[in-house]
Amino acid sequence: LYDITRCCWGVNLSKAKKCQYAMSAYEGRILEIYEIADWFDAGTTFMIRESKKSDEGRKEFVGRVCKTAKIRKRFLGKSISQLPGYDSRTEFLYLGL
């Protein structure tokens, strides 16, 4: 789940670098929350998935599972449609920016 979540995003890097957490969602529910350490060009860090030509110009983050109980309680298992700024037409949402 981590490798699928962290790669490969067409993000605004200056905005993405301000984000502390990334959330993995499936069928409208938040499955996991990751604390972002940093962003890199897609395909430049170790991962199980091989990079593709279509990943060029995209970014990936490295991080770890968020252990902060307050964050986990607030978001884990919740519906993504309830997040402020949610738009089903986008693959990436910047919260609090």
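Q: How many disulfides does the structure hold?
A: The structure holds one disulfide. The model is a predicted one.

Q: What makes C7 and C8 a disulfide?
A: The sulfur atoms of C7 and C8 are 1.8 Å apart. The cut-off is 2.5 Å between cysteine sulfur atoms, so the pair qualifies.

Q: Which hand does the link of C7 and C8 have?
A: The link is right-handed, with 50° about the S-S bond.

Q: What kind of peptide bond joins C7 and C8?
A: A cis peptide bond joins them, with omega about 0°. Most peptide bonds are trans.

Q: Where is C8 found, and are C7 and C8 buried or exposed?
A: C8 is found in strand β1, residues 7–9. Both C7 and C8 are buried.

Q: Why is C19 called buried?
A: C19 has a relative accessible area of 15%. Buried means under 20%, so C19 is buried.

Q: Why does C66 count as buried?
A: C66 has 0% relative accessibility. That value is under 20%, so C66 counts as buried.

Q: Why is R6 called buried?
A: R6 has a relative accessible area of 1%. The limit is under 20%, therefore R6 is buried. R6 is found in helix α1, residues 2–6.

Q: What makes the pairing of R6 and T45 a polar contact?
A: The side chains of R6 and T45 meet at 3.0 Å.

Q: Which backbone oxygen does the side chain of R6 reach?
A: The side chain of R6 reaches the backbone oxygen of F61, at 2.9 Å.

Q: Which residues does R6 touch, not counting those up to four places away in sequence?
A: R6 touches T45, F46, M47, K59, E60, F61 and V62. For R6 and I36, the C-alpha atoms are 9.1 Å apart in space, and the two residues are 30 apart in sequence.

Q: Why is E60 called buried?
A: E60 has a relative accessible area of 0%. Buried means under 20%, so E60 is buried. The place of E60 is in strand β4, residues 59–65.

Q: What joins the side chains of E60 and T45?
A: A polar contact of 2.3 Å joins them. The cut-off is 3.5 Å, so this distance passes.

Q: Which residues is E60 in contact with, leaving aside neighbours within four places in sequence?
A: Among them are R6, C7, D38, W39, F40 and D41. The list also includes A42, G43, T44, T45 and M47.

Q: Why does E27 count as exposed?
A: E27 has 69% relative accessibility. Exposed means over 50%, so E27 counts as exposed. E27 lies in the loop between β2 and β3.

Q: What is the phi of E27?
A: Phi of E27 is near 50°, a positive value in a residue other than glycine. Most residues other than glycine have a negative phi.

Q: Why is Y26 called exposed?
A: Y26 has a relative accessible area of 54%. Exposed means over 50%, so Y26 is exposed. Y26 sits in strand β2, residues 21–26.

Q: Which residues make the nonpolar surface patch?
A: L1, Y26 and L31 make the patch, of about 320 Å².

Terms used:
Residues are numbered from 1 along each chain as its sequence is written. This is a predicted model: local features need pLDDT of at least 70, side-chain atom pairs count only at pLDDT 80 or more; totals for chains, interfaces and linings use all residues. Side-chain values use heavy atoms; hydrogens and water are left out. Patches are made of residues with over 30% relative accessible area and no salt bridge: like charges are joined within 9 Å, nonpolar side chains (Val, Leu, Ile, Met, Phe, Trp, Tyr) within 5 Å. Accessible areas come from the Shrake-Rupley method with a 1.4 Å probe; for residues, only the protein chains shown count as cover. A salt bridge is a side-chain nitrogen of Lys or Arg within 4 Å of a carboxyl oxygen of Asp or Glu. Helices (H or I, at least four residues) and strands (E, at least two) are DSSP runs, numbered from the N terminus. Buried means under 20% relative accessible area, exposed over 50%, partly exposed in between (1.4 Å probe, protein chains only). Contact means heavy atoms within 4.5 Å. A polar contact is a pair of N or O atoms within 3.5 Å; within protein, one must be able to donate a hydrogen and the other to accept it, and residues adjacent in sequence count only if both atoms are side-chain atoms.
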